[in-house]
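Please consider the sequence and the predicted model shown below.

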Amino acid sequence: MVETVELLPGVVLRCCPVERFKQGCLSIQFLRPMCRQEAALNAVLPAVLLRGSERHPDLRAITLRLDELYGASVHALVRRVGDVQAVGFLCGMIEDRFALPGERVLEPMVEFLEELLFAPRLEGGMLCPAYVQSEQENLIAEIDAQRNDKRAYSVELLLERMGRADSFGIPRTGDRMSAQAITPESCDAHYRRVLRESPVEIFYVGSNPPQETARLLRKLFAGRGRDHKSLPATTPFHDVGGGDVEQCVHAAQGNLAMGFVTPITNRDPRFAAMQVLNTLYGGGMTSKLFSQVRERLSLCYGIGSSYYGSKGVGLVTAGIDNAQRERVQSEILAQLDACRRGEITDEELRCAKASLLSGYRAVFDSPGSVESYCATAAIGGIDASVEARMAQVAAVDASQVVAAAQALRLHSTCFLKGVES
Amino acid sequence: MIRQYPALDERVAWEKLENGLTVAVLPRPGFSAKMAYLVADYGAVHTEFRLDGKRRTAPAGVAHFLEHKMFELPQLDVTAQFAAMGASVNAFTSYDLTAYYFSCTEHFDDCLHLLLKFVGTPYFPDESVARELGIIDQEIGMNEDDPGSRVFENLMRGMYAKHPIRTPILGSRESIREITPQVLQLCHRAFYTPQNLMLCVAGDVDAQRVCDAARDVLGTDAPAAAEKLRDWQEPAECVQNQICDRMEVSMPVFQMAFKCEPPGFGEAAIRQEAVGDLAAEALFGESSPLYLRLYEDGLIDGSFGGGFETVDGCAILTCAGNSRDPQAVRDAVLAQSELLGRQMLPREAFERMKRSAFGRRIRDLDSFDSTCFRLCAYHFSKFDYFDFPAVYGSIQPSDIRSFLHGIAVPQRCCLSVIHPIKEELS
């Protein structure tokens, strides 16, 4: 279903030709190593490029152009996939058949992207310093604002603690100190390095034929004098020991985040079993955590688990009454222990597998989910089709889920104690 | 009845069943996912109603509490049943609607039967209702810690004198303690009748089978729904023009709004909504001169956004975001709205804006979720959502000017701000 075309060395186009959607989706991603030195620079770059180009020199001119393209969207994209930070643009636009007779949308959209990427607004031969400074301030404000969402903030602190020696501990958009260190000069030099050296992944979902799409997009990169450098494969989580973080915050609720590690990653044959375990343990409204900790014990409203296959990291988060912290934590661990002892009903196993399979089946039902699944798999170096993943999930049995639970180890916790203001 | 919508490349099978339920089925051949929304024309603001000839007052938060408790049937765990079929089920309560929905890729007929069954069956055991209090207490706590919810709820208290939008959807810790199984039974009987519900399905499904399922499960009786009492008599001006609060946020969080005329029903209401949307675009949309000026002055950032919002009996033109100086944003928006209330938008800019709004609505149709929900919500406003191209086509620049002229006065404007708490905690 996905056709891959190497447009030029280091520039790959993946097309999912479908006619049933009303909109198309196009992403252009430059792949960078996820590292502290450049995470913030990478994050600020697409935002700076979206501030103005030679022909459309400010935000308003850019938005007016998008309005002409029937309300098309171009968003800055900053994505973490294993040890890779993918940065670029994510675009959505109506299919040409809804445009006025004789008008096209995809082709002018690609031309517009070329302009945004390769002909930005310059001053003195450099990226416009005012735009760099303004987007730097916005990035710092965004990093600071992570504290506003206490649940997300508890996860941020937890990952920082867990990943002191791993790229997973670096915030997706970089840390405050790196963002503060950005200058117009460093941003401009980085922009040129990114264009020159980065492998590029392009995804298109829509009705335009792949060969025609390849022709449009090849023009973007032809003759740019690129010298791309391949990135190393993602490494397993580098563990230098865990610990517990506790902080007081002005809030009505307490927020608990628990981090687990496992050698099972998405490159491991046991990956499907770990996915099933995560779903059964805390992945939805029939999970053990939801049904026991929320519904039976009424200890919280929001509780759930997640699993980051690229690194083999599991998380549980819950918004709770401060006084119940120890009780909630021990109940969360008790439910995992139950999985380790094999206390898994046939029904729980069937529900977890059915939920995962349904999710996989629906991947090709929206342009955004196709892009997200295919981009993440390709950037992560995972060569597994949806069909292959479904077959692996379908084959998981209870003993494999128990083994997955036994391979999950509590690493660190973070508790944000709510203090009434 | 099949209706065709050539401008949108859509067709919908519409049926009104004998029991009063409206059913809409959107065929989506070739898609794996199937989605069903069963929506009640009943939300948090409908606390006053007449049933069996008597005026009733329900505690604040009862629509949301009821939504939580509907997921139980005698001897049956509803969510587990959906999960066993690989389906995910959920629900939400807004100020004026309650929506129950599922998505699945297999066993659609069984899922649909189960959805109709659990929404149609009132079952509220005492101990289960008591247990729910603890869960909703925690949800209220989570809501109180969310700056976005708090700034909005404060804004509504600042704007409205009488309308129940002043009260949060969840109610309060006190009001939910007045909710008993008997109250839940009463509200279910009042508002979960087939004629106060709408079923909308999207997917590769058979419309006739959908209607048959609704008849099978909900029966053919058509009991009358309660009469919603809307004697709110809300003044045109805001109660106050500024409302402030403090939380642990990194920079001030704000939301401001202009109080507009209540929307009413039918095409006029939808036209007002489309005009309101375009007015919001013209005033502070990303392609407006004001947006550029505020962004370049560092007064707003990517978090800024706004639009026109309606709830039964209320309508606001609103914008929100983070800003180091919300007062300056408010002053600039007010000044610009006064200007646009006097001046006509240039025709070229207006047409470009309409084209953009139209394109965004077309793109939205790829989402089963938003399309099903909008069809239901607009149906309760007595309008077919898929007729929006004609409504947009009829709007002129003078409509935008008149709309803004009517609301761009300081007395109709309120600013809600959450200021950062400076005190550090150890």
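**The interface and the interior**

In this predicted model, 61 residues of chain B are in contact with 63 residues of chain A. The size of an interface is often given as the accessible area lost when the parts come together. For chain B and chain A that area is about 5400 Å², with 54% of it on carbon and sulfur atoms. Within the area that chain B buries against chain A, B:Glu248, B:Arg355 and B:Arg363 supply 14%, more than any other three residues.

The rule finds seven salt bridges between chain B and chain A. Counting polar contacts between chain B and chain A gives 35 residue pairs, both residues being at pLDDT 80 or more.

Which elements of chain B give two or more residues to the side that touches chain A? They are helix H2 (78–84), strand E9 (88–93), helix H4 (126–144), helix H9 (289–296) and helix H11 (347–364). Of the side of chain B that touches chain A, H4(B) provides the largest share, with nine residues. By residue class, this side of chain B divides into 26 nonpolar, 16 polar and 19 charged residues.

The largest nonpolar core has 195 residues, among which A:Ile28, A:Ile202, B:Leu317 and B:Ile400 touch the most other members. Helix H8 of chain B (residues 266–284) gives this core its largest share, nine residues. There is also a second, separate core of 60 residues, and B:Met70, B:Tyr100, B:Leu133 and B:Leu197 are included in this second core.

Helix H1 of chain A, residues 39–49, is mostly covered, with 11 of its 11 residues buried. Among them are A:Leu41, A:Val44, A:Leu45 and A:Val48, together with A:Asn42 and A:Pro46.

The other example is A:Thr213, which is found in helix H8 of chain A (residues 210–221). Is A:Thr213 buried or exposed? Its relative accessible area is 1%, and A:Thr213 is therefore buried, the cut-off being under 20%. Leaving aside residues up to four places away in sequence, A:Thr213 touches A:Leu13, A:Cys15, A:Tyr204 and A:Asn208.

Technical notes:
Residues are numbered from 1 along each chain as its sequence is written. Chains are lettered from A and ligands numbered from 1 in the order in which they are written. This is a predicted model: local features need pLDDT of at least 70, side-chain atom pairs count only at pLDDT 80 or more; totals for chains, interfaces and linings use all residues. Side-chain values use heavy atoms; hydrogens and water are left out. Contact means heavy atoms within 4.5 Å. Buried area is the accessible area (1.4 Å probe) that two parts lose on being put together, summed over both. A salt bridge is a side-chain nitrogen of Lys or Arg within 4 Å of a carboxyl oxygen of Asp or Glu. A polar contact is a pair of N or O atoms within 3.5 Å; within protein, one must be able to donate a hydrogen and the other to accept it, and residues adjacent in sequence count only if both atoms are side-chain atoms. Helices (H or I, at least four residues) and strands (E, at least two) are DSSP runs, numbered from the N terminus. Ala, Val, Leu, Ile, Met, Phe, Trp, Tyr, Cys and Pro count as nonpolar, Asp, Glu, Lys and Arg as charged, and the others, Gly among them, as polar. Buried means under 20% relative accessible area, exposed over 50%, partly exposed in between (1.4 Å probe, protein chains only). A nonpolar core is a set of buried Ala, Val, Leu, Ile, Met, Phe, Trp, Tyr and Cys residues joined through side-chain atoms within 4.5 Å.
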